[in-house]
Amino acid sequence: MKKYLVITMGCKLNENDSEKLCGMIEEMGYKQTENLEECDLVVFNTCCVRENAEERLFGKIGELKNIKEKRGTIIAIGGCMTQQKHIQEKIKKSYHYVDLVFGTHTLNKFREDLKRIEEENKKIRDVIDINGEVIEGLPIKRSDKYKASVTIMYGCNNFCTYCIVPYVRGRERSRKKEDILAEIKELAENGYKEITLLGQNVNSYDGGDNYKFSNLLYDVCKIEGIEIVRFISPHPKDFTDDVIKAIKENKKISRIIHLPLQSGSSNILKKMNRKYTKEQYLKLAEKMKKEIPDIVFSTDIIVGFPEETEEDFEHTLDVVRKINYEQIYMFIYSRRVGTVADKMENQIPEEIKHQRFERLKVLYDSKVSENNQKYIGKIEKILVDGTSKNNDNMLTGRNDTNKVIVFEGSKDLIGKIIKVKITEEHKWYLKGEI
Ligand code: 5AD
Ligand code: SF4
């Protein structure tokens with residue numbers, strides 16, 4: 001049997017695309033392996049949102065050249081990076097032995113492209129720069145048995161000035177609500193308990209006929225068997241009252257809400273084209289907390305955006321002090337070719353960016369333990385994921401606010417929703433008892 005490996009970089013949307021790639025590849029008779037040496041097909045599903053993942057990618061492709069010479073391994077590169085002209089040119093110039101280059105809008109043609117390579121030994125370049133259609137019905141090989149991600153919309157219209165996504169993923173296209181709900185019903189019938197709705201900007205989901213994200217939340221929560229509903233990422237500007245009400249009225253919706261801040265300075269937010277101010281963001285968080293008292297937040301923050309002054313950065317720290325984030329994904333601003341921010345003057349020196357990053361991290365770390373304390377003695381509902389990596393007698397799961405919880409228990413609890421009392425806090429996990 002031919003063997004394959006899909007290497008995924010980047011976000012949950014890419015992971016979900018990789019599950020579809022794996023589904024298509026297995027349908028064509030390949031079996032998954034972790035060992036590059038025995039691969040007949042290697043697919044890179046790339047990301048270009050931050051940093052130079054390029055070096056890593058091209059290093060790996062260089063490594064594969066020998067294996068290809070020995071085995072005739074087919075090499076395919078797809079995802080966000082290949083949508084960029086300079087990457088296409090680099091592959092053409094230095095990595096001509098790559099068999100297939102596909103983009104974000106041609107994922108659905110993967111089987112066709114692979115078949116032509118197998119039969120005709122052709123090199124295929126299949127990247128198009130349009131807003132690809134929403135394609136339904138691709139086979140999918142899910143990486144988890146109890147939790148599943150479901151993409152509800154593709155692309156982004158926001159053009160935050162630092163972000164490459166709108167250029168490589170195109171404009172917003174929502175899936176039909178019937179297709180989304182049918183997919184989730186099928187997942188529930190197959191024993192899935194937790195669903196994460198995915199999109200670059202989930203709360204601008206548009207199902208037509210005034211069917212909005214909040215309507216979708218109600219309908220997903222009605223599906224029997226689904227116990228936990230999460231969604232990423234919403235945009236603060238689209239966090240309308242109907243969405244808050246939907247969360248409040250549906251207990252299945254996770255009480256940790258991702259609310260990307262990016263910067264706490266209204267001045268920088270304007271330059272980022274985020275369409276909200278520091279005050280509006282704080283007000284929104286306050287309103288949500290008032291409506292749903294057990295709600296907590298996670299966020300994304302970028303430090304060192306062009307022209308960010310010490311005072312701007314202090315505003316970011318101020319928001320972090322005011323909102324006790326449960327989790328912060330921190331990023332150092334990284335220049336992306338083709339974006340507005342890349343052309344801005346006054347780019348921040350690397351050293352200052354790193355210093356600010358460290359300062360934010362110190363503040364965040366000091367808050368983690370303080371935040372964790374509030375769980376001690378509480379009884380948490382969790383979906384049991386599996387056994388702990390370090391100890392086979394211990395089980396792990398995540399509670400409603402996505403905290404990792406470790407506890408003793410028998411393996412037949414895996415996949416079940418149970419209650420655990422929290423006894424100890426450790427920085428990155430909580431310990432509990434059934
Ligand atoms: N530099 C640093 N971080 C970025 N992000 C997006 N683009 C950039 C960039 N150019 C971050 C944002 C976004 C998350 C997915 O990645 O915080 O919310
Ligand atoms: Fe990028 Fe902004 Fe769109 Fe998110 S909302 S994908 S940060 S442009």
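Guide: Start with the lining of the largest cavity: three nonpolar, three polar and one charged residue. Here Ala, Val, Leu, Ile, Met, Phe, Trp, Tyr, Cys and Pro count as nonpolar, Asp, Glu, Lys and Arg as charged, and the others, Gly among them, as polar. The model is predicted: local features need pLDDT of at least 70, side-chain atom pairs count only at pLDDT 80 or more, and totals for chains, interfaces and linings use all residues. Residues are numbered from 1 along each chain as its sequence is written, chains are lettered from A and ligands numbered from 1 in the order in which they are written, and side-chain values use heavy atoms, with hydrogens and water left out.

Visitor: Which residues line the largest cavity?

Guide: Leu13, Met153, Tyr154, Gly155, Arg169, Gly199 and Gln200. On a 1 Å grid over the protein atoms alone, a cavity is a set of points where a 1.4 Å probe fits but cannot get out; a pocket is an open set with protein on both sides within 12 Å along at least five of seven lines; lining residues have an atom within 4 Å of a point.

Visitor: How much space lies in the largest cavity?

Guide: About 40 Å³. Volume here is the space filled by probe spheres set on the points, and grid points are joined across faces, edges and corners.

Visitor: And the second largest pocket, what volume does that have?

Guide: About 700 Å³. Its lining has 35 residues, with Lys20, Ile135, Glu136, Leu138 and Tyr154 nearest the centre. By class, that makes 13 nonpolar, 11 polar and 11 charged.

Visitor: Which helix gives the most to that lining?

Guide: H6, with five residues. H1 (12-27) and H6 (177-189) each supply at least two. Helices (H or I, at least four residues) and strands (E, at least two) are DSSP runs, numbered from the N terminus.

Visitor: New topic. What surrounds ligand 2?

Guide: Cys156, Asn158, Phe159, Cys160, Tyr162, Cys163, Val165, Pro166, Gln200, His235 and Arg274. Each has a heavy atom within 4 Å of the ligand. That shell divides into seven nonpolar, three polar and one charged.

Visitor: What about the backbone of Phe159?

Guide: Phe159 has a positive phi of about 50°, though it is not a glycine. Most residues other than glycine have a negative phi. Phe159 sits in the loop between S8 (153-154) and H5 (165-169). At 28% relative accessibility, Phe159 is partly exposed. Buried means under 20% relative accessible area, exposed over 50%, partly exposed in between (1.4 Å probe, protein chains only).

Visitor: Where is Asn273 found?

Guide: In the loop between H9 (266-272) and H10 (278-291).

Visitor: Which residues does a cis peptide bond join?

Guide: Ile232 and Ser233, with omega about -10°. Ser233 is in the loop between S11 and H8.

Visitor: On to H7. Which of its residues are buried?

Guide: In H7 (213-222), Phe213, Ser214, Leu216, Leu217, Val220 and Cys221. They cover an arc of only 155° around the axis, so they lie on the same side of H7. The arc is that of the directions from the helix axis to the C-beta atoms.

Visitor: What do they pack against?

Guide: H6, S10 (194-198), S11 (228-232) and H8 (241-249). Contact means heavy atoms within 4.5 Å.

Visitor: Last one. Is Gly137 buried or exposed?

Guide: Exposed, with a relative accessible area of 73%.
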